[in-house]
Amino acid sequence: MAFTLAPLPYPASALEPHIDAQTMEIHHGRHHKAYVDNANKALDGTKWADMSPVEVMRQLADLPENIRTAVRNNAGGHVNHTMFWESMAPVGNGGGGEPSGSLMEAIKRSFGEFSHFKDEFAKAAMSRFGSGWAWLCVKDGNVTICSTANQDNPLMGQAIAGCGGIPILGLDVWEHAYYLKYQNKRADYVGAWWNVVNWPEVAKRFAAAK
Ligand code: MN3
């Protein structure tokens, strides 16, 4: 089964004004679609073509060298964006606010106050030079922050991605994620994004990762 592009879990305009509809349409319909198409092209006819994209990503080191970079970028892009769409929700309809329960406890254990966690996450997003992602991961039962370049994902492992753990929240800091509305002001995009973070969904991933 080839990878497929799932529809957005909400209308493209649902995250307005924080993320504009045109950005969502282009980001999902063109960028994410291209990752899906190119991953399928690279994997076509190999034994990895029938695996889930997450499985493929975990086995990156075993892939033939002639397709490894294409799969790293495009299966990575597919997994990262699928998670990204599901990590957001309209304001007041799942998006924004603060986490609760055991996820909030884990955040406070690692970062003290929730506001300090947000500062540290924003720092990871801001200090990623060029294109990449900021992540909240579960590692040894605790939550940690890291960032990766391009479409790398912590599930690819420390040796490839430069950080490890099970990601439960990711923020796309490629310019295609924010340039139409925010131009070069990445900090404004990161600040606005907190309003649409789907904490109930992140909490579900946290529970599954522990
Ligand atoms: Mn993107």
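**Briefing: a manganese site and a pocket**

Histidine 81 counts as buried, because its relative accessibility is 0%; buried means under 20% relative accessible area with a 1.4 Å probe, protein chains only. The model is predicted: local features need pLDDT of at least 70, side-chain atom pairs count only at pLDDT 80 or more, and totals for chains, interfaces and linings use all residues. Residues are numbered from 1 along each chain as its sequence is written, and side-chain values use heavy atoms, without hydrogens and water.

**Manganese site**
- His27 (NE2), His81 (NE2), Asp172 (OD) and His176 (NE2) are the protein donors of the manganese ion, 1.9 to 2.1 Å from it.
- Donors are N, O and S atoms within 2.8 Å of the metal (3.2 Å for Na, K and Ca); water is not among the atoms, so sites may look incomplete.
- Along the chain, the donors are spaced H-x53-H-x90-D-x3-H.
- Histidine 81 sits in helix H3 (residues 65-86), and histidine 176 in the loop between strand S3 (166-172) and helix H7 (179-182), 95 residues apart.
- Helices (H or I, at least four residues) and strands (E, at least two) are DSSP runs, numbered from the N terminus.
- Histidine 176 is also buried, at 17% relative accessible area.

**Largest pocket**
- The lining has 14 residues; Val54, Val79, Met83, Leu155 and Arg205 lie nearest the centre.
- A pocket is an open set of points on a 1 Å grid over the protein atoms alone, where a 1.4 Å probe fits, with protein on both sides within 12 Å along at least five of seven lines; lining residues have an atom within 4 Å of a point.
- H3 gives the most to this lining, five residues.

Key
Buried means under 20% relative accessible area, exposed over 50%, partly exposed in between (1.4 Å probe, protein chains only).
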